[in-house]
Amino acid sequence: MSESSPTLHLSSGPHIASGRSTAQIMWMVNLSLVPALLWAWAVFGPVVLAIAVSSILGCVVAEAAACKIAKTAMTVFDGSAVCSGLLLAYTLPPGMPIWMPFIGGMLAMFFTKGMFGGLGYNIFNVALVGRAMMMATFPVEMTTRWVAPHLGAAGVDTISAATALAQIKLGGEAALAKLLAAAGDGVWFDYFVGMRAGSIGEVSAVMILLGAAFLLWKGIIKLYIPISVLAGVALLAPFSLSPGLYMLSGGIWLGAFFMATDYVTSPITPKGQIIFGLGIGLLTGIIRNWGGYPEGICYAIMLMNILTPALNDWFRPKRLTADGVPS
Amino acid sequence: MSFFSWGKAALPTFSRGGIHPDEHKELTEDLPIEAFTPTTVSLPVSQSLGAPAEPSVVKAAKVKRGDVIATVPGGVSLHAPVSGIIKNVQTGPHAALVYDTVITIQAKAAEDEPEFAEEAGWQDLPIAQMLERIRDGGVVGLGGATFPTYRKLMLPKGAKVDTLVINGSECEPYLTCDYRLMLEESDKVVLGSWLIAKIIGVANCVIGVEDNKQPAAEKMRQTIAALGLEKLEPKVRMSVVVTQTRYPQGSEKQLVQSLTGRLVPKGGLPLSVGVVVQNVATAYACLEAVRNRKPVLERVLTVSGLGIKTPKNLRVPIGTSVEDIVAHCGGYSADTVKILTGGPMMGRTIADLDIAVTKGTSGLLFLTAAETSLDGYQACISCGACVDACPMGLEPNRVSQYMEAGRPLETERFGVKECFECGCCSYSCPAKRPLVQFMQVAKATYRRHERKSK
Ligand code: SF4
Ligand code: SF4
């Protein structure tokens, strides 16, 4: 005791730290995603779990390989690869062959994150790149393997042909009328709660909001990005055939709260985040209304990801000076 | 400021950033200040910012408590904190400078120990003489800055100052020495504050105390009412303002904003917005120097942390070694991983127990692995926590990225030169990045570069 012990550490301050760690944040995000997965299980059956596991495995294997190749510290346990895998799975149709997400996850992780130097250095949201790559590689499976919900009425009749937005995109007003007629009066409720055809994680706005509320409560995300994404989408909703369906489907909620808020690929200051979110919302609307895809938030987010470094340069934090202008 | 505090009358605080770490003040806040005098003291001669000091005593000389033992040209002197024999004048360790000339005194009571009794009529001394006594008393900023106080109080010609801010924030976790001083010596702190207000010629003095030290604020208020300051000339309006408990409330710029609403301009001093800031312990020391002609011979410090057997608030002679304090406090446990001088946010680690208490030592902390972080760091995930926490509105994340990329001389625009190393950024970083260290290295690179290009 009390003799100069050999274990004394020397370092500069501060000597205390907040309890937050990167791994803790990532695992909390994963936790917040669980309700949506459980809901998808109830609606589409256990196959969604297999897809999620396949996608997660793909991401984890690629991350481990990238760490080995680059000879850096093994980071697969920090939860971020699992997070990317989960998010990727959430963008996929529940009827897809279960080996495909594994390939998609692996490619996305390796090319988006591994090649750029790992967590913190990627420019694009990993899950979204995965989805885009899968759209290019497996176009048929990505757009046709929908599963009719086991719960509720919406889409029962439309079986697994396509999501509502895709049907409307192809068939116009006639398709919309048919769809609404088939779904009956409960259509808005079914869409909000998530009893309809759609991608695994995006069917239920309620479950996504539940997860998001947890992240807000824990101070992990802020509202600037999600609110401005939703506002941007809403601004262009009147140009669509069915503004209600437009707001409630197509992954907007998942994108706004979980994809666009990814720390690494989004700006830091409130102003930057608001411009970023509005940009995503407006681009989503432009793609949907006048572009070739029925959905579009995936590409909108990736486009804005490119702008993130510039937004960080344009919108700097306010300094503690009278004018607040950075040097 | 948060969503949930809407509607509640918020206590004053600074406008941007800041953190609220676990306070750990409960370890020592209820322990009265205890005096402890070791048998030998070793004083590094450099005890204040500025020119190096020169010893003015030689080995084997006899000194009396309060004698000058080292001088600084244009600075403040160092005094023998105890009577005794000079045992040694040689190179030895210094907490901040690594090495310094160290004067060691073997304590031995003199027959005629000086009493430092109160001098009548001290209130009416000419200002110049008051300043002289503060200088000769070796008073420096005891909050840790150790800038010679008389220099800060000698206002430049034409300076317009209307407010004195007395800093009783003690925003560093663990530390309770200023709190105890306000509780136990409130009359001296209040009189000292009045004295400083008189010296700089202001009629308004605000004492800032954080919300977690309500008893001290209450005690200071009672003392102001009880002392009958209105009988003193000039009249100074004294008030105690309770601020939010938020680190770094005790930093000058932040405290000035919290208490007066004024923003100190970039690179400027509080003086430029009409404010002078002094710490409560410094006010106390000024009073003793002027009223009792007692130089700074001792200081109150907090010995705390889960590693030390019995935490204490101690009053020790300057030059008391960490080793003697450890022995007096029952030793430290084997799971202590860091020993610090100062608080856990801005304090320094020490490697050896032969380091001595200097005028700027406000605490001695023995931290176990459970209290401190020894983790390695990871890549920045751009979460923005550091930017949100920075009270100056700087971008430590960008600085750290540029430093890692080997581009230190491109970091000025991210605020490197405005950083005062409070540590809020590193504290908040989930990737545990040593952001303050990156800031320090960037600053040092600029200094070297600017010297070279001159
Ligand atoms: S240490 Fe510097 S950069 Fe970090 S929070 Fe404090 S002032 Fe800001
Ligand atoms: S807190 Fe750390 S991880 Fe977050 S932006 Fe700052 S440096 Fe990067």
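**Close-up 1. Helix α5(A) against helix α14(A).** In chain A, the axes of helix α5 (residues 126–137) and helix α14 (residues 297–314) come within 10 Å and cross at roughly 125°. α5(A) is therefore oblique to α14(A) (angles under 35 degrees count as roughly parallel, over 145 as roughly antiparallel, 65 to 115 as roughly perpendicular and the rest as oblique). The crossing of the two helices is left-handed (the near helix is turned anticlockwise from the far one by less than a right angle; clockwise is right-handed). From α5(A), L128(A), V129(A), R131(A), A132(A) and M135(A) meet C298(A), Y299(A), I301(A) and M302(A) of α14(A) (contact means heavy atoms within 4.5 Å). These contact residues comprise eight nonpolar, no polar and one charged (Ala, Val, Leu, Ile, Met, Phe, Trp, Tyr, Cys and Pro count as nonpolar, Asp, Glu, Lys and Arg as charged, and the others, Gly among them, as polar). Axes are lines fitted to C-alpha atoms, for helices over the stretch in contact, with angles from 0 to 180 degrees between N-to-C directions. Helices are DSSP runs (H or I, at least four residues), numbered from the N terminus.

The model is predicted: local features need pLDDT of at least 70, side-chain atom pairs count only at pLDDT 80 or more, and totals for chains, interfaces and linings use all residues. Residues are numbered from 1 along each chain as its sequence is written, chains are lettered from A and ligands numbered from 1 in the order in which they are written, and side-chain values use heavy atoms, leaving out hydrogens and water.

**Close-up 2. Helix α2(A) against helix α4(A).** The axes of α2 (residues 47–70) and α4 (residues 100–113) of chain A come within 7 Å and cross at roughly 35°. This crossing is right-handed. Contact residues include I51(A), L57(A), V61(A) and I69(A) of α2(A), and F102(A), M106(A), M109(A) and F110(A) of α4(A). By class, the contact has 12 nonpolar, four polar and two charged residues.

**Close-up 3. The shell around ligand 1.** Ligand 1 is surrounded by 14 residues (a heavy atom within 4 Å). The closest are C390(B), C419(B), C422(B), G423(B) and C425(B). In chain B, α11 (424–428) and α12 (435–452) each give two or more residues to this shell. The shell holds 12 nonpolar residues, one polar and one charged.

**Close-up 4. The shell around ligand 2.** Among the residues surrounding ligand 2 are C380(B), C383(B), C386(B), C429(B) and R433(B). Eight residues of the shell are nonpolar, three polar and one charged.

**Close-up 5. The interface of chains A and B.** Here 38 residues of chain A contact 69 residues of chain B. The buried area is about 4,200 Å², with 55% from carbon and sulfur atoms (accessible area, 1.4 Å probe, that two parts lose on being put together, summed over both). H15(A), I16(A) and L320(A) lose the most area on the chain A side, together 19% of what that side buries.
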